[in-house]
Amino acid sequence: MTDYDGFARAYSAANEDNLLNAWYERPAMVELAGDVRGRRVLDAGCGSGPLTAALRDKGADASGFDLSPAMIALARERLGDGVDLRVADLAARLPYDDSAFDVAVCSLALHYLQDWAGPLGELRRVLRPGGRLVVSVPHPAAYLFNYPGSDYFALTRYSEEFTFGDQSAVLTYWHRPLHAMTDAFTQAGFRICVVSEPPWSPDTPAELLPANASERTAFVCFLFFVLQAP
């Protein structure tokens, strides 16, 4: 898994107001989380806490964890002492009781992991019966466009270099085809309620939108799921 500690602040700053995170992925996650007023909500892989903050602002009793201590430090700067924030590994047993949460959100985190069975099992464990898990991942179809010579159906590790402000970093991911995602969800015991390819937020600043934005309302970038625990 990518170690974010060395570029956490630069990464966080870059994602505050960009198109894909601030005006597309994050609003979609908040919308799909539904009415969270008074609900116990876990942000799994919370990073510096922008989604946690958005859910708290919607009335959630929010908690979050991330593997990166630097990201959790930034989240504490953002959220203060009133939110339970912990350093924890999505690939290990989570430091929460069974059935502790009504809703869990996992925003662009699962694709860092080769194995989904353990993480999904843990997220199911900490959700109450009937609780919801909202997941976003890179759209697997985008892999076909970005890597046309690759095998779409193979579980594949790949890396990409990004620039965040004046820092560059290499992020490493795992591509898996759509059926492998849905199989993992159902094998973990979840019921798939929603599969979403949403538009960008209607509040998106015009200067951030693609040149052909007037011709369409969405693009192939991320894929979203709403799952229900048994």
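User: Which residue in S7 is the bridge partner of Thr 163?

Analyst: Ser 168 is the partner of Thr 163. This is a predicted model, where local features need pLDDT of at least 70, side-chain atom pairs count only at pLDDT 80 or more, and totals for chains, interfaces and linings use all residues. Residues are numbered from 1 along each chain as its sequence is written, and side-chain values use heavy atoms, with hydrogens and water left out.

User: What makes S6 and S7 a pair?

Analyst: Two strands pair if DSSP finds at least two bridges between them. Strand S6 (residues 156–164) and strand S7 (residues 167–175) are joined by 9 bridges and run antiparallel. Strands (E, at least two residues) and helices (H or I, at least four) are DSSP runs, numbered from the N terminus. The hairpin has 2 residues between the strands, and Gly 165 takes a positive phi near 65 degrees there.

User: Why are H2 and H3 called oblique to each other?

Analyst: The axes of helix H2 (residues 19–33) and helix H3 (residues 50–57) cross at roughly 40 degrees and come within 10 Å. Axes are lines fitted to C-alpha atoms, for helices over the stretch in contact, and angles run from 0 to 180 degrees between N-to-C directions. Under 35 degrees counts as roughly parallel, over 145 as roughly antiparallel, 65 to 115 as roughly perpendicular, and the rest as oblique. H2 and H3 are therefore oblique.

User: Which residues of H2 and H3 meet?

Analyst: Arg 26, Met 29, Val 30 and Ala 33 in H2 meet Pro 50, Leu 51, Ala 54 and Leu 55 in H3. Contact means heavy atoms within 4.5 Å. By class, 7 of these residues are nonpolar, none polar and 1 charged. Ala, Val, Leu, Ile, Met, Phe, Trp, Tyr, Cys and Pro count as nonpolar, Asp, Glu, Lys and Arg as charged, and the others, Gly among them, as polar.

User: Which residues of H3 are buried?

Analyst: Pro 50, Leu 51, Thr 52, Ala 53 and Leu 55. Buried means under 20% relative accessible area, exposed over 50%, and partly exposed in between (1.4 Å probe, protein chains only). These buried residues pack against H2, strand S1 (40–44), strand S2 (61–66), helix H4 (69–79) and strand S4 (101–107).

User: Why do S3 and S8 stand at the edges of the sheet?

Analyst: The open sheet has 7 strands in the order S3-S2-S1-S4-S5-S9-S8, with mixed pairing. Strand S3 (84–87) and strand S8 (191–196) each have a single partner strand, so one side of each lacks a neighbour in the sheet.
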